[in-house]
Amino acid sequence: MKIICVGRNYSKHIEELNNQKPQEPVLFLKPDSAIVLKNQPFVIPPFSTNIQHEVEILVKINRIGKHIDAKFAHKYYNEIGLGIDFTARDLQSTLKAKGLPWEKAKAFDGSAVIGKFLPKNSFDDLNNINFILKKNDTVVQEGNTAQLLWKIDELIAYISTFFTLKIGDVIFTGTPAGVGKVETNDVLSGFIEEKQLFKVKIK
Ligand code: ZN
């Protein structure tokens with residue numbers, strides 16, 4: 001499986017990092033080796049002193065597809081989840097300044113937390129899902145899918161023009177504002193509405 005991530009998909013997060021609003025979705029990939037295994041902690045890697053959390057709504061693909069029309073995109077997923085796109089922000093800033101690819105800052109071992117998934121039909125409106133990230137019981141990030149610059153079905157259409165989507169692939173749809181640095185012994189927990197979908201300790 002592969003992980004396809006969307007960058008700069010919430011206006012307030014674009015502003016907090018002083019980035020430009022993109023004309024098209026910004027995409028990058030993470031390999032399956034990036035996934036934090038179940039019940040394992042996130043280990044701060046030695047190459048960064050500024051690992052930041054980005055909580056994101058996830059979409060799990062359940063059907064193979066390429067050049068998917070946005071109006072049929074809903075047929076390609078049945079589950080919505082929540083996860084963290086851990087980012088080595090210091091390294092990413094250096095790479096961005098040099099115009100180099102972001103992989104080392106975004107796709108390293110442990111950079112993807114994939115929480116539990118919920119059935120799509122348990123939501124009244126996929127474009128009105130509230131989610132939050134707590135750090136040590138304090139809410140640090142809050143978002144609603146209504147704020148997505150590109151909605152889930154538009155993302156699937158766009159992504160599938162470049163990458164064939166396969167069963168089990170996971171899309172990270174972008175982070176809202178409030179990204180921040182994690183420290184050893186922090187505990188991050190993610191919720192959609194009232195349901196906790198992951199909890200991960202930082203080591
Ligand atoms: Zn992200």
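Guide: We begin with a term: two strands count as paired if DSSP finds at least two bridges between them. Note also that this is a predicted model.

Visitor: What holds paired strands to each other in general?

Guide: Strands of a sheet pair through backbone hydrogen bonds, and the pairing is either parallel or antiparallel. In this structure, strand S8 and strand S12 (residues 187-192) pair in the antiparallel sense over five bridges. Within that pair, Ile132 stands opposite Phe191 in S12.

Visitor: Which strand is joined to S8 by six bridges?

Guide: That is strand S9 (residues 138-144), which runs antiparallel to S8 (residues 130-135). Lys134 has Val139 in S9 as its bridge partner. S8 and S9 form a hairpin with two residues between the strands, and there Asn136 takes a positive phi near 50°.

Visitor: What is the strand order in the open sheet of three strands?

Guide: The order is S6-S3-S11, with antiparallel pairing. S6 (87-88) and S11 (180-181) stand at the edges with a single partner strand each, so one side of each has no neighbour in the sheet. Strand S3 (residues 51-53) is joined to S6 by two bridges, and Ile51 of that pairing faces Ala88 in S6.

Visitor: Let us turn to the metal. Which residues coordinate the zinc ion?

Guide: Glu54 (OE), Glu56 (OE) and Asp85 (OD) do, at 1.9 to 2.1 Å. Along the sequence, these donor residues follow the spacing E-x1-E-x28-D.

Visitor: Are Glu54 and Glu56 buried or exposed?

Guide: Both Glu54 and Glu56 are buried, where buried means under 20% relative accessible area.

Visitor: How do I read a helix in the same terms? Which residues of helix H2 are buried?

Guide: In H2 (residues 89-98), the buried residues are Arg89, Leu91, Gln92 and Leu95. These residues lie on the same side of H2, because they cover an arc of only 155° around the axis. Ala97 and Lys98, on the other side of H2, are exposed.

Visitor: How is empty space found?

Guide: Rolling a probe the size of a water molecule over the atoms shows where empty space is left. Here the count comes to one cavity of 30 Å³ or more. The largest cavity holds about 120 Å³ of space.

Visitor: What lines the largest cavity?

Guide: Its lining has 18 residues, and those nearest the centre are Gly7, Arg8, His13, Glu54 and Lys106. By class, the lining of the largest cavity divides into four nonpolar, seven polar and seven charged residues.

Visitor: And how much space lies in the largest pocket?

Guide: About 420 Å³. It is lined by 17 residues, of which Lys38, Asn39, Ile114, Gly115 and Phe198 are the closest to its centre.

Visitor: Which strands each supply at least two residues of that pocket's lining?

Guide: Strand S7 (112-119) and strand S13 (195-201) do. S13 gives the most, with six residues. The lining of the largest pocket comprises nine nonpolar, four polar and four charged residues.

Key: Residues are numbered from 1 along each chain as its sequence is written. This is a predicted model: local features need pLDDT of at least 70, side-chain atom pairs count only at pLDDT 80 or more; totals for chains, interfaces and linings use all residues. Side-chain values use heavy atoms; hydrogens and water are left out. Helices (H or I, at least four residues) and strands (E, at least two) are DSSP runs, numbered from the N terminus. On a 1 Å grid over the protein atoms alone, a cavity is a set of points where a 1.4 Å probe fits but cannot get out, and a pocket is an open set with protein on both sides within 12 Å along at least five of seven lines; lining residues have an atom within 4 Å of a point. Grid points are joined across faces, edges and corners, and a volume is the space filled by probe spheres set on the points. Ala, Val, Leu, Ile, Met, Phe, Trp, Tyr, Cys and Pro count as nonpolar, Asp, Glu, Lys and Arg as charged, and the others, Gly among them, as polar. Donors are N, O and S atoms within 2.8 Å of the metal (3.2 Å for Na, K and Ca); water is not among the atoms, so sites may look incomplete. Buried means under 20% relative accessible area, exposed over 50%, partly exposed in between (1.4 Å probe, protein chains only). The arc is that of the directions from the helix axis to the C-beta atoms.
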